[in-house]
Amino acid sequence: MTDKGLLYLLIFSIVLICGCTGPKQDESAIVEEEIVLRDIDEIRSDGKLRVLTIYSSTSYFLYRGQTMGFEYELLKRFAEFLDLELEIIVAKDIDSLFYQLNEGQVDLVAHGLTVTEQRKRQVSFTEYLYLTHQVLIQKKPDNWRDMKWSDLQNTIVHDAIELIGDTVSVRRNSAYHERLTNLSKEIGGQIVINPLPGHLSTDEIIKMVVDGEIKYTVADNNLAKINASFYPVLHIDVPISFSQRIAWAVRKTSPKLLSSANQWLEEMKDTVDYYVIYNKYFENERSFRQRIKSDFYSLNNEKISQYDHIIKRYADGINWDWRLLSALIYQESRFKPEANSWADAAGLMQVMPSTAEELGIKDISDPEENIKGGTRYLEQLWEKFDMVKDSVQRIKFTMAAYNCGMYHVIDAQALAKAEGLNPTRWDDNVEDMILELSYPNVYNQPIVKFGYVRGIEPYTYVRQIFDRYDHYSQFVD
């Protein structure tokens with residue numbers, strides 16, 4: 001047996017022993033035995049930073065077709081700093097964050113993680129993103145607006161010591177659970193902790209208090225404040241901890257990644273941009289209330305835009321995933337039917353008047369007519385690339401042609417063939433040649449029939465649409 005085989009046998013034996021004796025362990029505690037050697041060099045060789053985050057009202061969500069979130073906006077900047085592609089993975093069970101990290105499924109956990117001594121034994125934390133403290137979340141009586149102030153005060157908890165013998169509901173492996181356990185010892189009386197499943201986000205648990213499903217929970221103060229701005233029935237003024245650091249986490253075997261993250265965070269926190277992003281998600285109560293009320297907020301409904309029903313119908317007609325067509329339409333117009341370009345392209349899919357006339361589209365400002373015309377044009381372009389057998393690659397050629405014109409894409413294919421690249425593959429082949437068509441020494445070659453094109457536009461266009469499609473796929477089934 002190899003040394004590696006012996007190592008895994010030893011780990012397996014340890015896990016079996018831990019699982020068969022004594023009290024049940026935290027899932028995340030077992031992974032300390034795992035050894036996954038993956039640091040910045042291995043990540044760079046893959047070209048991709050894999051990040052685990054939470055689908056929530058502050059970390060990562062979809063609003064009116066736009067991907068948003070405190071963690072998301074920072075992660076985009078961090079990936080750019082590292083010159084890596086960003087791959088976001090949504091955790092299905094918040095209790096398994098460290099398990100997935102230490103197993104090597106992801107490289108970074110980006111969520112509002114409270115730094116505690118227990119957790120520091122399992123992972124390495126970055127420099128803190130911000131400071132906050134934990135507060136008790138409780139509900140005022142339904143008729144609280146009609147009550148006298150003194151009567152209202154008699155119905156709510158004012159000090160953590162009043163929780164002795166009462167029940168507070170939190171996720172089992174959360175920092176809130178750890179804090180309540182310690183608080184029970186500090187106040188000399190038991191607080192009953194009701195463990196909630198790991199798939200529930202803090203926002204969802206707060207909503208359970210609002211709906212009367214649970215009596216109390218605990219949340220970080222900044223999360224509590226932004227939720228209470230929409231649910232005034234909540235009382236969030238009872239602190240149950242001192243200030244705590246909130247950070248991201250990496251494996252203990254990733255010291256170079258940790259160093260890079262800390263360097264970037266130190267520089268980022270010195271910028272106005274960082275505080276604009278923080279205020280956008282944790283201080284802007286008006287914006288939060290607008291999102292919570294919207295039908296096009298992914299935590300409310302699985303909707304991307306008000307045109308979903310039209311997009312689905314015409315996407316079916318060209319055999320595309322409707323979320324992919326939605327991503328293209330967002331790229332073209334941000335779902336604004338009144339959008340117009342400098343070249344007179346108009347409507348949701350930015351159809352040119354000449355194209356509309358050829359396709360028999362009478363009113364390109366009408367959303368349905370516009371999408372009908374745009375998808376017909378996509379179908380025509382698709383048919384021109386029948387030499388591309390891979391369907392995903394063929395869609396990318398179609399999109400590039402939709403953006404910059406079919407003949408420029410054909411020029412890029414000819415250049416790819418001349419350079420020994422694959423003319424039927426967009427990724428890392430024809431897309432590189434479309435970039436070259438921006439340079440005189442290239443577009444003036446005899447092989448190029450249709451001249452200059454600003455290649456960065458179709459190159460970025462295709463990539464951004466597929467990136468957005470990946471996000472839409474996370475949010476909408």
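1. Overall make-up. The protein chain holds 22 helices and 13 strands, where helices (H or I, at least four residues) and strands (E, at least two) are DSSP runs numbered from the N terminus. This is a predicted model, in which local features need pLDDT of at least 70, side-chain atom pairs count only at pLDDT 80 or more, and totals for chains, interfaces and linings use all residues. Residues are numbered from 1 along each chain as its sequence is written, and side-chain values use heavy atoms, with hydrogens and water left out.

2. Extent and burial. The C-alpha trace of the protein chain spans about 85 × 70 × 40 Å along its principal axes. Of its 477 residues, 52% count as buried; buried means under 20% relative accessible area, exposed over 50%, and partly exposed in between (1.4 Å probe, protein chains only). Among contacts between residues at least 6 apart in sequence, 69% join residues at least 24 apart, a contact being heavy atoms within 4.5 Å.

3. Strand β5. Strand β5 covers residues 108-114, and six of its seven residues are buried, so the strand is largely enclosed by the rest of the structure. Strand β1 (residues 48-53) runs parallel to β5 and is joined to it by two bridges; two strands pair if DSSP finds at least two bridges between them. V51 has L108 of β5 as its bridge partner. Strand β13 (residues 244-250) runs antiparallel to β5, with three bridges between them. There, T114 stands opposite I246 of β13.

4. T116 sits in the loop between β5 and α6 (117-120). Its relative accessibility is 10%, so T116 counts as buried. Apart from neighbours within four places in sequence, T116 is in contact with F125 and E178. The C-alpha atoms of T116 and Q244 are 8.6 Å apart in space, although 128 residues separate the two in sequence.

5. Strands β9 and β10. Four of the five residues of strand β9 (residues 167-171) are buried, and the strand is mostly covered. β9 pairs with strand β10 (residues 192-196) in the parallel sense over five bridges. Within this pairing, S169 stands opposite N194 of β10.

6. The β11-β8-β12 sheet. Three strands form an open sheet in the order β11-β8-β12, with antiparallel pairing. β11 (216-220) and β12 (234-239) are the edge strands, each pairing on one side only. On average, neighbouring strands of this sheet are turned by 35° against each other, direction ignored. Strand β8 (residues 134-139) pairs with β11 in the antiparallel sense over five bridges, and L136 has V218 of β11 as its bridge partner.

7. Helices on this sheet. Helix α8 (residues 175-187) packs on the sheet and touches β8 and β11; its direction makes about 115° with that of β11. Helix α10 (residues 221-228) also packs on the sheet, touching β8, β11 and β12, and its direction makes about 110° with that of β11. Axes are lines fitted to C-alpha atoms, for helices over the stretch in contact, and angles run from 0 to 180 degrees between N-to-C directions.

8. Helix α9. Helix α9 (residues 202-210) is mostly covered, with seven of its nine residues buried. The buried residues are T202, D203, I205, I206, M208, V209 and V210. Just after α9, G212 takes a positive phi of about 80°.

9. Helices α19 and α20. The axes of α19 (residues 406-418) and α20 (residues 426-436) come within 8 Å and cross at roughly 110°. That makes α19 roughly perpendicular to α20; angles under 35 degrees count as roughly parallel, over 145 as roughly antiparallel, 65 to 115 as roughly perpendicular and the rest as oblique. The crossing is right-handed, the near helix being turned clockwise from the far one by less than a right angle. H408, V409, A412, Q413, L415 and A416 of α19 meet W426, V430, M433 and I434 of α20. The contact residues divide into eight nonpolar, two polar and no charged. Here Ala, Val, Leu, Ile, Met, Phe, Trp, Tyr, Cys and Pro count as nonpolar, Asp, Glu, Lys and Arg as charged, and the others, Gly among them, as polar.

10. Backbone points to check. Most residues other than glycine have a negative phi. R64 has a positive phi, near 50°, and lies in the loop between β2 (61-63) and β3 (66-68). At 44% relative accessibility, R64 is partly exposed. D428, also not a glycine, has a positive phi of about 60° and is found in helix α20. D428 is exposed, with a relative accessible area of 53%.
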